[in-house]
Amino acid sequence: MTRQEPKTVRREDYRPPAYRIETVELEFDLEPETTRVRSRLDLRAAGAGSREPLVLDGESLELLSLSLDGRKLGSDDYALEDDKLTIPAPPSAFVLEIETAIHPAANTQLSGLYVSNDVFCTQCEAEGFRRITYFLDRPDVMTTYRTTIRADRRKYPVLLSNGNLVEEGELDGGRHFAVWHDPFPKPSYLFALVAGDLACNEDRFTTRSGRDVRLRIFVEHGKEGRTAYAMDSLKRAMRWDEERFGLEYDLDLFNIVAVSDFNMGAMENKSLNVFNDKYILADPATATDSDYAGIETVVAHEYFHNWTGNRITCRDWFQLSLKEGLTVFRDQEFSSDMRSRPVKRIQDVRTLRAHQFPEDAGPLAHPVRPDSYIEINNFYTATVYEKGAEVIGMLQTVLGRDGFREGMDLYVERHDGQAVTCDDFVAAMADANGAELEQFKLWYSQAGTPEVEVSGQYDADAGAYELTVAQSCPPTPGQPEKKPMHIPLAVGLLDGQGRDIRLRPEGEPESAVAATRVLPVRLPRQTFRFENVPEPRALSVNRGFSAPVNVKIAQSGAERAFLMAHDSDPFARWEAGQQFATDLLLRRVAEIQRGGNGSGATPFDPAFTEAVARILRDETLEKAFAAEAIALPGEDYLAERMTVIDVEAIHAAREALRREVARSLEGELMRVYEANRGQGGFSPDAAQAGRRALRNAVLAYLARLADEPEIRRLVIEQYRGADNMTDRMAALRLLVDIDGPERQEALDDFYERFRDNALVIDKWLALQAVSSLPNTLARVTELLRHPAFSLEKPNKVRALIGSFTSGNPLRYHAADGSGYTFHADRTLELDPLNPQVAARLLAPLGRWRRFDEGRQEKMKAQLERILAQPKLSRDVYEIASKSLG
Ligand code: 7MF
Ligand code: ZN
């Protein structure tokens, strides 16, 4: 907790550290109430010139003793403040020994060293190490760690830290110890320690060059049977990184620990990854297909950090996307190779549009490489991660896969063992390819989602097609004017039969002809001309979502239906359907707002229903793709497309179109539902998951006819008869929106079946929080007092509170403001316990500018109420104050 006006940290103020740490030795005497930490730092002044004071970071520490080169320091020899320890004039090389006391069991922030279900564990990224001991807690201070852990042998038989185990043994009083040494220099944010009574799943992996690596996944006893998929994912990720990037694992040991209380998804600590157990544990009865996919992605992500993050790390936290954007890109590529590439791309774009686009259009918009922050934990954002990954993906599009690989090789060769910047990464890409990327670098410094307006014109006499592209980028906080960006825009033209027209740009040789052309859009307005073109039927823009932009293009429903049916690029086929549906839905929203209740409204264009029917009948399509292609755009995406958001009209319009499609295609939908029943024997593989996805997407349509008893029966039967969590959850998701006795029966049944499995109970909480029924807030409020809920467990908070505030726009934005009051109440309760999680949930309140006046006032009033709280954390203060603007 800090004062009301915390300091802003600026990127331009970066200075290299005044001291280096040659080595560090740590000793932990673990006790839940009070743990003693001894640290021995071998320090050296970095510059040759005038001596500077040594300023160590520290937070919530009790200093027990301090000595320099063996001499005990008195309180006159140093200055102790809230967040730092200063030694005014130390020698140029010296040894500092520090003894501190910390209180792991009382650490509800889950940053630094804390206890979760009787397991000691650490979370040090970004600035948690300073909550363990005084240190130069910044990523450009890299050193080697030797860590001794002492603890009660019976309660904590497993003692882990980074690197190699060098010694272990017995101590007096029922205690034991272990000594770990990590040979690779690392910043403090990658330090980890775990101690507890844990079970383990052990396996091996032989690297390409023959290193035999011992792999272990540690979990609470009784959960080891649910670690098989995570282990398999890890081995596949290790192999994939060797094949795709030539990157091998570098130690003989790789440990993963899964804990139930964790602020985020997982953490890439060197050779000791720590996970939220939600991203490790899975079996068919308790995990959905998307849980399996999440495990595969997150296990790979953390493993990939070993090179992109650990061996090569960030110079300062403004460079966070250097490791995160790149590692998300790598995990996305991995998952694309494991499953369906187009389906993965569609899902990634859905998330980008649901989280990053709104962030980029709101009061918290910031560049991929931010210029300032108050609390760094608030900058682990969709922009840094997901837009950052899009920027890396565009580099690969511009340079080609081989050129990108050359760039990666040079990046690793140049910077292994260093703490570097986003500019260093781009320089390696440019140098390896002889490419010019200066304009491209604006993607790192300019916030906001560019808008690209496209229009095409065919000159029949000349047989030429002209494409005019205009780009602009809306103003964002601190950036009123934007420069034109380098946008790689993939386009194609379809002929009357739906085939690609081969395109050759004016002035380029015949060898440059291709079906898809990536246009190097660089000017505010630019025309591209193609010669020898037969008359096109439709234009396909931003194929594969080659750039994270909003495309504006005038296209008729007929053109969109044509692209939906024929585009050779599967992403563009999906996108055509989304834009077609969006046009219809936004038109209906406008009609509802003009006074109609929708029932007397103009009927929806039947061409859309026909297009859905065509997808349902097309046996050549991947089932997972078909499921995506028939799913309507989400309420959040539609909201983003409105000037003044009307959550009720959006919900009503979307329900109406779903009902319309369901009514017209009931027979067809039933046929597909029956044809995709399970075939006995569950597997989480992409093929089976695809069948389930399509069948459940179809059921979601059919459920709109729930006034028919046989449809209600269908949903209930799926709930009861399911042999896997995907089907059971899908049915329950539909039932929570249907008022009637079946609803509560199913929810009670689900609770009783899974009451001993915390991760499944999270699903139970989340489903109730996203229900569209009018009493949802009352139910959510009741659930706060349910024994399954706890404000001290981030997974519970996200499941119940987070699902309501960011997954239920209809009820969260209730006109009476009750959702906002609820949100502010929970924020103020949670902030003293866990400010990181409280701040991360706050974004929806900041979107007030996009709503009608009545809601605006109510949302602002709650933000003001939060800010009036005298003991606010920096985390919540930053989000709330920036949200008010
Ligand atoms: C896949 O990035 C994608 C993103 C920081 C914590 C994990 O490895 C991480 C950590 C946050 C938000 C998202 C992710 C992570 C964190 C994440 C995980 C898997 N360095 Br905060
Ligand atoms: Zn990461």
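Which residue does Glu-453 stand opposite in strand 31? I found Lys-552 there.

Before going on, I noted that this is a predicted model, with local features needing pLDDT of at least 70, side-chain atom pairs counting only at pLDDT 80 or more, and totals for chains, interfaces and linings using all residues. Residues are numbered from 1 along each chain as its sequence is written, chains are lettered from A and ligands numbered from 1 in the order written, and side-chain values use heavy atoms, without hydrogens and water.

**Entry: the sheet.** I followed strand 25 (residues 451–459) and saw that it pairs with strand 31 in the parallel sense over 3 bridges. Pairing here asks for at least two DSSP bridges between two strands, and strands are DSSP runs (E) of at least two residues, helices (H or I) of at least four, numbered from the N terminus. The open sheet has 4 strands in the order 29-26-25-31, with mixed pairing. Strand 29 (525–530) and strand 31 (550–552) are at the edges with a single partner strand each, so one side of each has no neighbour in the sheet.

**Entry: the zinc.** I looked up the zinc ion (ligand 2) next: its donors (N, O and S atoms within 2.8 Å of the metal; water is not among the atoms, so sites may look incomplete) are His-301 (NE2), His-305 (NE2) and Glu-324 (OE), at 2.0 to 2.1 Å. Their spacing along the chain reads H-x3-H-x18-E. His-301 lies in helix 2 (residues 289–304) and Glu-324 in helix 3 (residues 320–338), so this pair ties together parts 23 residues apart in sequence.

Conventions. Donors are N, O and S atoms within 2.8 Å of the metal (3.2 Å for Na, K and Ca); water is not among the atoms, so sites may look incomplete.
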